[in-house]
Amino acid sequence: MKFAQFAVPAVAALIVLAGGVASPARADSALDIGTKVPDAKAIKEGLFPEDACKELEANGFKCMGFKPAIRYSLPASSFQLGSADVPPSLKKQLDVFAEVLKSKKGSGSVVKIEGHADASGSADANLVLSQRRADAVKSYLVEQGVDASLLASVGVGTKDLKNASNPFSGENRRVEIGRQQ
């Protein structure tokens with residue numbers, strides 16, 4: 001039986017796909033990683049869910065669809081106020097993303113790094129700061145060996161607050177990483 005020849009991840013993907021395609025996450029939502037260091041396999045499956053389909057098809061199965069790519073929210077609240085220096089705790093998380101992204105060199109995929117800010121300071125200053133933070137994350141990933149052409153950085157300032165009821169909340173200071181839409 002050909003099914004028994006698959007590795008466990010491919011079987012899991014087949015089971016998930018056989019059960020139907022999961023409903024897409026809201027376009028404005030992102031999976032909050034918090035302070036934990038994520039698992040590389042989970043990041044790869046979240047950013048590049050189509051890879052599971054390619055694996056199934058390479059083994060003679062038909063892929064009926066896959067979950068949409070996930071955007072990950074990493075807390076930028078650990079940045080010093082007004083600073084774009086990537087703190088050590090964020091570097092540990094980014095090292096996992098770098099591990100995954102290095103394998104996608106030449107794939108034509110684009111991963112967007114989006115910087116966000118809370119409402120402390122002027123709108124113009126927050127836009128500049130959020131761009132500097134997104135650029136700092138991109139630079140760090142490139143230093144770790146990620147192909148720069150795979151990454152697009154953008155700052156959005158306070159345009160997309162995570163906690164709109166408290167615009168000054170630290171949770172609004174974050175970096176989101178996801179596939180370019």
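Predicted model: local features only at pLDDT ≥ 70, side-chain atom pairs only at ≥ 80, totals over all residues.
Biologist: Why is the pair Asp 32 and Lys 162 called a salt bridge?

Modeller: The term asks for a side-chain nitrogen of Lys or Arg within 4 Å of a carboxyl oxygen of Asp or Glu; the closest N and O atoms of Asp 32 and Lys 162 are 2.8 Å apart, so the pair qualifies. Asp 32 belongs to strand E1 (residues 31-32) and Lys 162 to the loop between strand E4 (151-155) and strand E5 (174-179), 130 residues apart. Helices (H or I, at least four residues) and strands (E, at least two) are DSSP runs, numbered from the N terminus.

Biologist: What makes Glu 50 and Arg 179 buried?

Modeller: Buried means under 20% relative accessible area, exposed means over 50%, and partly exposed lies in between, with a 1.4 Å probe and protein chains only. Glu 50 has 15%, so it is buried, and Arg 179, at 19%, is therefore buried as well. Their side chains meet in a salt bridge at 3.1 Å, N to O, which links helix H3 (residues 50-58) with strand E5 across 129 residues.

Biologist: How do you know which side of that cut-off Arg 71 and Glu 176 fall on?

Modeller: Arg 71 has a relative accessibility of 21% and so counts as partly exposed, whereas Glu 176, at 4%, counts as buried. These two residues form a salt bridge with their closest N and O atoms 2.7 Å apart. Arg 71 lies in the loop between H3 and strand E2 (72-75) and Glu 176 in strand E5, so the pair ties together parts that are 105 residues apart in sequence.

Biologist: How many salt bridges does a search of the whole structure find?

Modeller: The search finds 11, and Lys 44, Asp 51, Lys 54 and Lys 104 are linked in a network of such bridges.

Biologist: Why are E1 and E4 said to stand at the edges of the sheet?

Modeller: Two strands pair if DSSP finds at least two bridges between them, and the 5 strands form an open sheet in the order E1-E2-E5-E3-E4, with mixed pairing. E1 and E4 each have a single partner strand, so one side of each is left without a neighbour in the sheet.

Biologist: What makes E2 and E5 a pair?

Modeller: DSSP needs at least two bridges, and E2 and E5 share 4 in the antiparallel sense, so they count as paired; within this pair, Tyr 72 has Ile 177 in E5 as its bridge partner.

Biologist: Why is His 116 called buried, and what does its side chain meet?

Modeller: His 116 lies in the loop between E3 and H5, and its relative accessible area is 0%, so it is buried. Its side chain makes a polar contact with the side chain of Glu 114 at 2.8 Å; the term requires a pair of N or O atoms within 3.5 Å, where within protein one must be able to donate a hydrogen and the other to accept it, and residues adjacent in sequence count only if both atoms are side-chain atoms.

Notes
Residues numbered from 1 in each chain as written. Heavy atoms only, no water.
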